[in-house]
Amino acid sequence: VCRSVMRDSRGVLWVGTANGLYQLNEETGSLEPVLTDPALPANVNAFECMLEDKDGNMWFGTLWGIFVYYPDSGKWRHIDKGNPEKADSKADANIECMVEYINDDRHEIWIGTQAGLKVFEIKKDRLTHFTPKNGYPAITNAGKVQYLFLDENNILWASMGGITLIDLNENPFDIYHLYSYPDSSYQPPAYSFYEDKKGDLWIGSRAEGLYHFDRKLNFIGNDLPCTWDPMKSNLRYNNMVDFIYEDPYGRIWLKSGPTELGIFDLEEKVFHPVDVATKDYYPHRLLIDPFGVMWIASHTGLYTGVMRDAYSIDTTLLRIPSLPLGPVDELLYDSQDRFWVLTRGSGIYCLTPENRDSLEFIRYLHQHYRHSFTIEYNARSMIEDDWGNIWFRSEKEIFRYDPELDSIVPEPYFNRNYNENIY
């Protein structure tokens, strides 16, 4: 199983697998094993990530710490990843990701592990573990760091339960969170991301509302859908944002707040709850198509909506033979003017342009019909890529719409290691 691949500045193609490190022999087209010094034990011989630093040295993240290869001398170095605070823990040696930071005075490798964030300062030859006991109380979650990203402003984005931002410009250890429970050791995760028409980034969190960044990832603001004291109000207190949508009129819709649906006023920075009723259930998703039709997904089925006033919607449940009643989880209007409806247990439905007036939806099921109603094969999400392909994700595999076959088919390339790499 391939874990990581990169071609270095010397033209060498490195391939990290679950069973060792390899180089590609360009003449024979074969992969040749690379032996590290010291050699990795067989049970931790996985190379999860790799990078080449500014000096041309190769850094490899493994399940047994970091290995550095110096091409000029042909020597290896094994950097001890053990944390003195947790001598018996092996998670600190399980490397997930790495990024390099360089300025006039500093040269650092930032390291994400299964036991938190580390930084190796190359000029000082020093490894620092970011933990509260080690002098960094702002790091309240020493769990798995799944991803690191260094933006053009030298802000390090670290996925540690929630999202932690570390400013590497003025103070390398100036740490702050996008959101945090003050009395908890765990960060509420981000539930939704959206890039608007201006290129701004919007992030919805589990409990701390909406975060807004400009296209250069400069922080603009954090706004809560509910700002009252829940102990003094009989309204539903809900600051989880798990859906963000910009309609054709430039309004930002959120699935949040006391009614589970609201509009965020960009000028006033105010969240307006929207009065909407879909029987006894809250709406899941909302979409306004180019014809101005408002579609609302709910646990009870697909609704159409009409704005009664600025913040109220009258809804009508769509009762048609071609679309059954029941939970609808996702909506998508693609570049070919097709309207896709993803249901929880009865397949995927598509309204094509020629069937718009008749509202005759086409139903698509998994190729293994007997599995189409099982949890494993139910589609959970869908997206259109830049080339107009429609992709669907289930608990079992990834599949896509094939226009030539007019069918939804599994994608072998992605499904080869789906259970291990797709979440």
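1. Relative accessible area sorts residues into buried (under 20%), exposed (over 50%) and partly exposed (in between), using a 1.4 Å probe and protein chains only. By that scale Arg 308 is partly exposed, at 45%.

2. This is a predicted model, in which local features need pLDDT of at least 70 and side-chain atom pairs count only at pLDDT 80 or more, while totals for chains, interfaces and linings use all residues. Residues are numbered from 1 along each chain as its sequence is written, and side-chain values use heavy atoms, with hydrogens and water left out.

3. A salt bridge here is a side-chain nitrogen of Lys or Arg within 4 Å of a carboxyl oxygen of Asp or Glu. The count by this rule is 16.

4. One of the salt bridges joins Arg 10 to Asp 72, with 3.0 Å between the closest N and O atoms. Arg 10 sits in the loop between strands E1 (2-7) and E2 (13-17) and Asp 72 in the loop between strands E7 (65-70) and E8 (75-79), so the pair ties together parts 62 residues apart in sequence. Strands (E, at least two residues) are DSSP runs numbered from the N terminus. Arg 10 is partly exposed at 43%, whereas Asp 72 is exposed at 71%.

5. Arg 77 and Asp 125 form a salt bridge, their closest N and O atoms being 2.9 Å apart. This pair links distant parts of the chain, 48 residues apart: Arg 77 is in strand E8, and Asp 125 in the loop between strands E11 (116-121) and E12 (126-129). Arg 77 is partly exposed at 29%, as is Asp 125 at 44%.

6. Arg 308 also pairs with Asp 314 in a salt bridge (2.9 Å, N to O). Asp 314 is partly exposed, at 40%. Salt bridges link Asp 275, Arg 308 and Asp 314 in a network.

Note on methods:
Helix = DSSP H or I, 4+ residues; strand = E, 2+ residues; numbered from the N terminus.
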